[in-house]
Amino acid sequence: MKLNRILVFILIAILPLRSFCWGGEGHKLIGNVAWHYLNQGVKDSLQFYLGSVSLADAGLWMDEMRKNHEYDYMKPWHYINIEKGESYKPDTNQNVINEINKRIDHLKHRNLYSKGQVAVDIKILVHLCEDLHMPLHVGYASDTGGNAIHISFMGKPTTLHWAWDNDIMLQQHITADSCLALLATFPEQKIREARRTNVIAWMNESRSLLPNVYDYKGDTIDVAYADKNAPIIKLRLALAGLRLSELLNELFDTRKN
Ligand SMILES: [Zn+2]
């Protein structure tokens with residue numbers, strides 16, 4: 001009994017640490033989908049800056065830095081909170097929208113920055129484009145984007161945020177290959193439209209999915225909930241990869257620059 005209580009305390013203590021972004025698997029999946037669509041010249045250019053770090057792993061850097069308090073200033077960059085019934089109003093606050101735009105601007109003018117800084121800009125851009133496609137990164141401050149909602153899924157304690165980051169993706173066997181297979185079914189016109197870089201539209205899409213995210217009762221989400229939302233999660237992951245590739249192609253394709 002005492003041991004059980006200790007275990008519960010440990011679980012409650014570690015949940016908030018891991019529950020902030022697409023899980024590592026989600027970030028890697030999106031990086032792998034993006035890599036599939038990159039031109040060879042862009043791949044070479046990215047590797048020049050990233051060195052031995054793959055694009056998939058580059059997306060993990062911001063989460064790895066969470067363990068280092070010197071990088072605490074980055075914490076507000078992963079999300080934007082907009083309360084229910086409110087809509088986005090541009091401002092100069094630190095949030096995922098402003099930070100993505102800042103990194104795009106840096107990378108457009110990368111000749112002004114050191115190689116190391118450009119590598120950091122790439123890592124931040126990759127991570128935040130991925131985060132922006134997760135509905136709970138554009139959620140409500142009142143429950144810290146679902147991080148404060150403790151629920152159970154498949155008999156295990158989790159949070160609503162982590163369920164959308166990681167648990168449902170793994171339970172439903174969503175992979176980079178299944179996302180690429182989904183995108184392969186899209187007509188050319190749909191792919192062209194989906195690729196367009198529009199950070200505000202990506203945010204609004206994520207936000208429009210919040211009613212689905214919160215559509216459960218009590219403190220448990222069941223397999224029916226996972227079955228219903230898996231296609232949404234797969235599409236968000238697929239679109240994040242496709243759009244990240246387009247953005248990187250635009251920024252690093254020397255034929256366009
Ligand atoms: Zn994040």
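Q: In which loop does His-137 lie?
A: This is a predicted model, in which local features need pLDDT of at least 70, side-chain atom pairs count only at pLDDT 80 or more, and totals for chains, interfaces and linings use all residues. Residues are numbered from 1 along each chain as its sequence is written, and side-chain values use heavy atoms, with hydrogens and water left out. Helices (DSSP runs of H or I, at least four residues) and strands (E, at least two) are numbered from the N terminus. On that numbering, His-137 lies in the loop between helix H7 (115-132) and strand E1 (150-153).

Q: Is His-137 buried or exposed?
A: Buried means under 20% relative accessible area, exposed over 50%, and partly exposed in between, with a 1.4 Å probe and protein chains only. His-137 has a relative accessibility of 2%, and therefore counts as buried.

Q: Which residue has its backbone oxygen 2.6 Å from a polar atom of the side chain of His-137?
A: A polar contact is a pair of N or O atoms within 3.5 Å; within protein, one must be able to donate a hydrogen and the other to accept it, and residues adjacent in sequence count only if both atoms are side-chain atoms. The backbone oxygen at 2.6 Å from the side chain of His-137 belongs to His-78.

Q: Is His-173 buried or exposed?
A: His-173 is placed in the loop between helix H8 (160-171) and H9, and its phi is near 55°, a positive value in a residue other than glycine. Most residues other than glycine have a negative phi. Because its relative accessibility is 64%, His-173 counts as exposed.

Q: Which helices do the buried residues of H9 pack against?
A: Helix H9 (residues 176-184) has as its buried residues Ala-176, Ser-178, Cys-179, Leu-180 and Leu-183. With contact meaning heavy atoms within 4.5 Å, these buried residues pack against helix H2 (24-37), helix H10 (188-195) and helix H13 (223-252).

Q: What is the radius of gyration of the protein?
A: The protein has 13 helices and 3 strands. The radius of gyration is taken over C-alpha atoms, and the globule rule is 2.2 Å times the number of residues to the power 0.38. For 257 residues that rule gives 18 Å, and the protein is close to it, so it is as compact as a globular protein of that length, with a radius of gyration of 18 Å.
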